[in-house]
Amino acid sequence: MKISIISGSHRINSQSEKVSRYIQRTLEEQGICDETWLYLLAGNPLPLWDESIWESDPDWMARLEPISEQLAASDGFVIVCPEWHGQVPAGLKNFFLMWGKGELAHKPALIVTVSSADGGAYPVAELRMSSYKNNRLCFIPEHVIVRHVESVLNADEEKNNPDTDRYFRERIPYALGVLREYALALVRVRESGAASLQVFKNGM
Ligand SMILES: Cc1cc2nc3c(=O)[nH]c(=O)nc-3n(C[C@H](O)[C@H](O)[C@H](O)COP(=O)(O)O)c2cc1C
């Protein structure tokens, strides 16, 4: 089983990246899956979507194909998303526009949102409302909101609040275990053919 982690912050050395790397280590060290792949939106590696994607523009193809292969080979996803102005960052919304060939379709995703204070609920709601229609990603009902992120999951224990740090070091593996079971279960849905994108390419 392969689980890919998408870190949705545009910032270099973001807290979302810190959380994403913790998640990748947890997946690997606890044997929750066999393989992981981490994709960072730090530094905006993907330009804004434009219509030439539909015309198989060579620059776009060269940019997207390696990512498309990694996503298509994945059985599940963790979407790590900071709250920016109460929203999902534009780069992550842009990312979700790119995958219309079934790379994400009928595969489970765990939402993990990140806030330096008490935020984090708005991007959960936004992702659940609007980031799955055509790509057919399945957000699972479990999610994680990492509040006061600077005080948890740091390699330097001195920087951690012991109580909240312990909580997230228990809660995140639990949520990843739930994601794993959805990943196993949804293979059946994809293999059934009932959800073929050849019939209705786009969601309603
Ligand atoms: C442009 C911008 C807007 C932000 N807006 C919010 C916000 O609305 N709510 C919130 O809880 N934190 C907000 N923050 C702070 C982030 O929660 C904080 O930077 C945290 O580390 C997660 O973002 P990061 O992964 O980019 O580091 C904002 C940060 C930036 C850079």
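Let's start at the ligand. One of its nitrogen atoms sits 3.0 Å from an N or O atom in the side chain of Glu83. Keep in mind that this is a predicted model.

An N or O atom of the Trp84 side chain is 3.4 Å from an oxygen atom of the ligand. Then there is Ser9. Its side chain has an N or O atom 2.7 Å from a ligand oxygen.

How much of the ligand does the protein bury? Alone, the ligand exposes 600 Å², and the protein buries 74% of that.

Now the shell. There are 15 residues around the ligand. The closest are Ser9, Arg11, Ser16, His85 and Ser115. So what is the make-up of that shell: how many nonpolar, polar and charged? Nine residues are polar, four are nonpolar and two are charged.

On to the fold. Five strands make an open sheet, and the pairing is parallel. Read across, the order is S2-S1-S3-S4-S5. Which strands are at the edges? They are S2, residues 35-40, and S5, residues 138-146; each of these pairs on one side only. From one strand to the next, the twist averages 20°.

Let me zoom in on one pair. Strand S3 covers residues 76-82, and strand S4 covers residues 108-114. The two run parallel, joined by six bridges.

Helix H2, residues 58-72, lies across S1, S2 and S3. Strand S1 is residues 2-7. Against S2, helix H2 runs at about 140°.

Last item: backbone angles. Two histidines deserve a look on your screen. His106 has a positive phi, about 55°, although it is not a glycine. Where is His106? In the loop between helix H3, residues 90-96, and S4. His148 also has a positive phi, about 50°, and it is not a glycine either. His148 is placed in the loop between S5 and helix H5, which spans residues 162-192.

To recap the ligand site: Ser9 is among the closest residues, and its side chain has an N or O atom at 2.7 Å from a ligand oxygen. The protein buries 74% of what the ligand exposes alone. That's it from me.

Methods:
Residues numbered from 1 in each chain as written. Predicted model: local features only at pLDDT ≥ 70, side-chain atom pairs only at ≥ 80, totals over all residues. Heavy atoms only, no water. Near = heavy atom within 4 Å. Polar contact = N/O pair within 3.5 Å; in protein donor to acceptor, adjacent residues only side chain to side chain. Areas by Shrake-Rupley, 256 points an atom, 1.4 Å probe, with all protein chains shown as cover. Nonpolar A, V, L, I, M, F, W, Y, C, P; charged D, E, K, R; others polar. Pairing = 2+ DSSP bridges. Helix = DSSP H or I, 4+ residues; strand = E, 2+ residues; numbered from the N terminus. Axes fitted to C-alpha atoms, helices over the stretch in contact; angles between N-to-C directions. Contact = heavy atoms within 4.5 Å.
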